[in-house]
Amino acid sequence: MPDHLHWLGLGVTKDSDLRLGSEYLRRNLAKDLAPAQWQHQPQDHVLREEEREREAFTSTCHYILENPLRKNLVKDRREWEVSGCVIPGYADIDWRLEDFWMRFWRIYNFEVSGKGVFG
């Protein structure tokens, strides 16, 4: 969005700390966003257990991705250039590809199993 950022983090280990992830993001994007500044207190929402299930999580992602469409900034959500998915170690994943969700959940399950990059 032109005046705010949505990001959704998903930890894959029991000691994942998304607060640290958020702090890292804020610290490292600050110079790229200048002269805009981060608001002092961001709007945070920790997903409840039921919101972390596959369908609910996917719905939350789609809600975020469709925000530019709802605001009439684009005609198709794929046109919004500053949206994406970042999974460290998987640079070629793109939410615009048809097999994205199949690949995303395969990567997620692999990482959660402890065999992946973060295991």
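Contact here means heavy atoms within 4.5 Å of each other. The model is predicted, so local features need pLDDT of at least 70 and side-chain atom pairs count only at pLDDT 80 or more, while totals for chains, interfaces and linings use all residues. Residues are numbered from 1 along each chain as its sequence is written, and side-chain values use heavy atoms, with hydrogens and water left out.

**View 1. Arg103 and its partners.** Arg103 is found in helix H4. Helices (H or I, at least four residues) and strands (E, at least two) are DSSP runs, numbered from the N terminus. Not counting residues up to four places away in sequence, Arg103 touches Asp92, Ile93 and Leu97. With Asp92 the contact is also a salt bridge, 3.2 Å from N to O. A salt bridge is a side-chain nitrogen of Lys or Arg within 4 Å of a carboxyl oxygen of Asp or Glu. Because Arg103 lies in helix H4 and Asp92 in the loop between H3 and H4, the pair ties together parts that are 11 residues apart in sequence. Arg103 is buried, at 18% relative accessible area, whereas Asp92 is exposed, at 53%. Buried means under 20% relative accessible area, exposed over 50%, and partly exposed in between (1.4 Å probe, protein chains only).

**View 2. The Arg77 and Glu66 pair.** These two side chains meet in a salt bridge, 3.1 Å from N to O. The pair links distant parts of the chain. Arg77 sits in the loop between helix H3 (67-70) and H4, and Glu66 in the loop between H2 and H3, 11 residues apart. Arg77 counts as buried, at 15% relative accessibility. Glu66 is partly exposed, at 31%.

**View 3. A network around Arg48.** Salt bridges link Arg48, Glu50 and Glu51 in a network. In the bridge between Arg48 and Glu50, the closest N and O atoms are 3.0 Å apart. Side chains of opposite charge can pair when their charged atoms come close. For the chain, the count comes to 6 salt bridges.

**View 4. The largest nonpolar core.** A nonpolar core is a set of buried Ala, Val, Leu, Ile, Met, Phe, Trp, Tyr and Cys residues joined through side-chain atoms within 4.5 Å. The largest one holds 12 residues: Leu47, Phe57, Cys61, Leu65, Ile87, Tyr90, Ile93, Trp95, Phe100, Phe104, Trp105 and Ile107. Helix H2 (54-65) and helix H4 (100-112) each supply at least two residues of this core. H4 gives the largest share, 4 residues. Cys61 is one of the core residues. Leaving aside neighbours within four places in sequence, Cys61 is in contact with Leu8 and Trp101.

View 5. Beyond its neighbours within four places in sequence, Val74 is in contact with Pro68, Leu69, Glu79 and Trp80. Val74 and Gln37 are 37 residues apart in sequence and 25 Å apart in space, C-alpha to C-alpha. Asn72 has its place in the loop between H3 and H4 too. Asn72 is exposed, with a relative accessible area of 68%. Phi of Asn72 is near 60°, a positive value in a residue other than glycine.

**View 6. The cis peptide bond at Pro35.** Ala34 and Pro35 are joined by a cis peptide bond, with omega about 10°. Pro35 has its place in the loop between helix H1 (18-33) and H2. Most residues other than glycine have a negative phi, and most peptide bonds are trans.

**View 7. The chain as the setting for the close-ups.** The chain has 4 helices and 0 strands, running α-α-α-α from the N terminus on. Its C-alpha trace spans about 40 × 30 × 30 Å along the principal axes. Of the 119 residues, 23% are buried. Among contacts with a separation of 6 or more, 38% are between residues 24 or more positions apart.
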